[in-house]
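Here is a short note for a colleague who is opening this structure for the first time. Please keep the model in view while reading the points.

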Amino acid sequence: MASTTTTRKMREEATCSICLHLMSKPVSISCGHSYCHSCIVNFFENLCRMQPWLETFSCPQCRVPFKMSSLRPNVQLGGLIEAIKEMDQEMSCEEHGEKLHLFCENEGKLICWRCDRGPQHRGHATTLVEDACQGYKEELQKAVTQLKQLEEECMKLKMFTAKQITEWNEKIEIQKQKIQSDFKNLQRFLHEEEKSYLWKLEKEKEQTLRRLRDNKVHLEQQSHELQSHILELENKCQGSAQNLLQDVKDTLSRSWAVKLDKPEPLSLDLHTVCNVSERYFDVKKILRSHQVSVTLDPDTAHYELVLSEDRRQVTRGSPQENLESSSRRFSALPCILGCEGFTSGKHYFEVDVGEGTGWDLGVCMENVQRDTGLVQTPQSGFWAIRLCKKKGYVALTSPLTSLQLREQPLVVGIFLDCEAGVVSFYNMTTGSHIFTFPKASFSDTLRPYFQVYQYSPLFLPPPDE
């Protein structure tokens with residue numbers, strides 16, 4: 001009969017270093033190490049998913065390269081494993097060589113009839129293996145149930161943590177885009193501040209992500225440990241009665257002692273927040289240093305447009321009769337130009353749009369088309385933005401550019417830099433940037449441009465307001 005030490009050594013040789021159990025369908029690789037067939041195949045598939053370009057893989061034990069084509073069934077090792085399993089089925093007392101058909105409740109170990117009569121177990125409570133097995137099997141199954149519940153909770157926490165990582169990355173990306181958008185077209189003195197805030201945001205991102213990733217790794221470790229415990233208990237339950245009762249109390253004690261170490265709840269609230277419009281209120285002051293007085297040109301007004309006496313307000317109404325015919329007048333759409341023309345320098349003016357549901361605002365070339373051939377794009381001499389019920393806020397580029405405004409502008413500021421070829425728009429309600437057209441080359445005089453919609457009058461406040 002093999003000694004305990006010999007048996008232990010045999011089991012160690014026959015144990016898979018991946019799953020830590022007796023090998024199932026053992027196979028050897030080119031370096032000589034052996035594994036369960038399913039374990040080494042799963043190892044190979046997992047590496048392929050992460051690194052699909054790999055053709056050779058490192059042995060999990062000695063790191064020597066091998067190819068999947070080198071897998072060979074290890075028949076001799078398979079025979080040794082079967083012999084070990086048969087030995088497990090025929091466990092005998094090491095001291096007396098008798099069959100271990102009794103279980104000592106006091107010491108939690110298997111004994112033979114001679115051990116039961118010896119002084120070491122005198123007075124101890126002993127039962128037949130078959131009788132003790134059922135009770136402890138139920139205890140083991142309860143432990144399995146508890147561990148499975150913990151594993152399920154752990155998996156839910158892993159999924160929640162993964163979701164938190166995704167949400168956090170999305171929040172970071174949205175916040176990053178907001179900061180970049182707010183800073184993009186402001187004056188140069190804002191540039192260093194922008195970089196500072198993005199750096200702070202990145203640091204906050206990495207600090208929180210690091211903690212979230214640590215939580216995920218910790219949960220994965222716990223999940224692996226729980227799975228190992230569950231496999232151990234399930235294998236005991238499926239094995240022989242002697243195998244089930246061998247060290248059963250210690251196994252149960254370790255199983256019931258397992259607890260799920262839940263990660264500390266982590267807030268995903270952003271701390272790096274910069275409201276550029278509030279922080280840099282001087283943007284309005286800078287823009288208004290270039291402000292010009294703009295009035296409306298009645299000779300360009302579409303026949304449905306009605307002007308106030310001071311030519312600062314325009315409303316769309318019923319068609320007007322007896323208007324003088326002029327090639328300067330818009331006939332295709334309800335549009336009108338400002339009286340002022342710009343050929344050089346920087347100019348800024350504001351339009352009070354109120355809570356109107358539609359408008360076009362901007363600048364255009366002096367010589368733009370005004371009849372049925374009118375096309376409102378930079379290629380046709382128009383640099384304007386629009387609010388309409390169907391598409392919301394858009395820039396009249398080709399194709400249209402959708403504008404995602406967080407707040408409705410009640411007053412829109414229009415900035416023109418003739419030399420730089422820049423036309424920019426600002427929400428003067430909040431002092432924030434709306435849109436800047438790509439750099440252009442202006443070949444003609446530019447005029448303020450407006451299209452008026454029903455029930456949406458436009459007002460041009462004087463500069464001193």
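1. Start with helix α8, residues 248-256, where Val248, Thr251, Leu252 and Ser255 are buried. Buried means under 20% relative accessible area, exposed means over 50%, and partly exposed lies in between, with a 1.4 Å probe and protein chains only. These four cover an arc of only 95° around the axis, so they sit on the same side of α8. The arc is that of the directions from the helix axis to the C-beta atoms. An α-helix has 3.6 residues a turn, so residues three or four places apart point the same way.

2. A word on the basis. This is a predicted model, in which local features need pLDDT of at least 70 and side-chain atom pairs count only at pLDDT 80 or more, while totals for chains, interfaces and linings use all residues. Residues are numbered from 1 along each chain as its sequence is written, and side-chain values use heavy atoms, with hydrogens and water left out. Helices (H or I, at least four residues) and strands (E, at least two) are DSSP runs, numbered from the N terminus.

3. Domains next. The domain assignment gives domain 1 (1-90), domain 2 (188-274) and domain 3 (282-459). Such bounds come from an automatic or database domain assignment. Between the C-alpha centres of domain 2 and domain 3 there are 57 Å.

4. Helix α2 spans residues 37-50. Its 14 residues reach 20 Å from first C-alpha to last, close to the 20 Å expected at 1.5 Å a residue. The expected span is 1.5 Å times one less than the number of residues. Which residues of α2 are buried? They are Cys39, Ile40, Val41 and Leu47. Their cover includes β1 (26-28), β2 (34-36), β3 (57-58) and β4 (65-66).

5. Ala125 lies in the loop between α4 (113-117) and β8 (126-128). Ala125 counts as partly exposed, at 42% relative accessibility. Setting aside neighbours within four places in sequence, Ala125 is in contact with Phe103, Cys104, Glu105 and Asn106. Contact means heavy atoms within 4.5 Å. Ala125 and Glu107 are 18 residues apart in sequence, and their C-alpha atoms are 9.3 Å apart in space.

6. Now the open sheet. Six strands follow the order β11-β20-β13-β14-β15-β16, with antiparallel pairing. Two strands pair if DSSP finds at least two bridges between them.

7. Look at the pairings in that sheet. Three bridges join β11 to β20 in antiparallel fashion, and Ile336 has Phe450 of β20 as its bridge partner. Strand β13 (residues 359-365) pairs with β20 over seven bridges, also antiparallel. Here Asp360 is bridged to Gln451 in β20. Four bridges link the antiparallel strands β14 (residues 382-388) and β15 (residues 392-395). Cys388 has Gly392 in β15 as its bridge partner.

8. Strand β20 (residues 446-452) is mostly covered, with seven of its seven residues buried. Arg447 belongs to this strand. How accessible is buried Arg447? Its relative accessible area is 4%. The side chains of Arg447 and Asp297 form a polar contact of 2.8 Å. A polar contact is a pair of N or O atoms within 3.5 Å; within protein, one must be able to donate a hydrogen and the other to accept it, and residues adjacent in sequence count only if both atoms are side-chain atoms. Beyond four places in sequence, the contacts of Arg447 include Thr300, Arg328, Leu337 and Cys364.

9. Ser456 is buried, at 2% relative accessible area. Its side chain reaches the backbone nitrogen of Gly358 at 3.4 Å. Not counting residues up to four places away in sequence, Ser456 touches Gly356, Thr357 and Gly358.

10. Finally, the hairpin of β9 and β10. Strand β9 (residues 305-307) and strand β10 (residues 313-316) run antiparallel, joined by three bridges. Leu305 has Arg316 of β10 as its bridge partner. Five residues lie between the strands, and Arg311 takes a positive phi near 60° in this hairpin. β10 also pairs with β21, antiparallel, over two bridges. Val314 is bridged there to Leu458 of β21.
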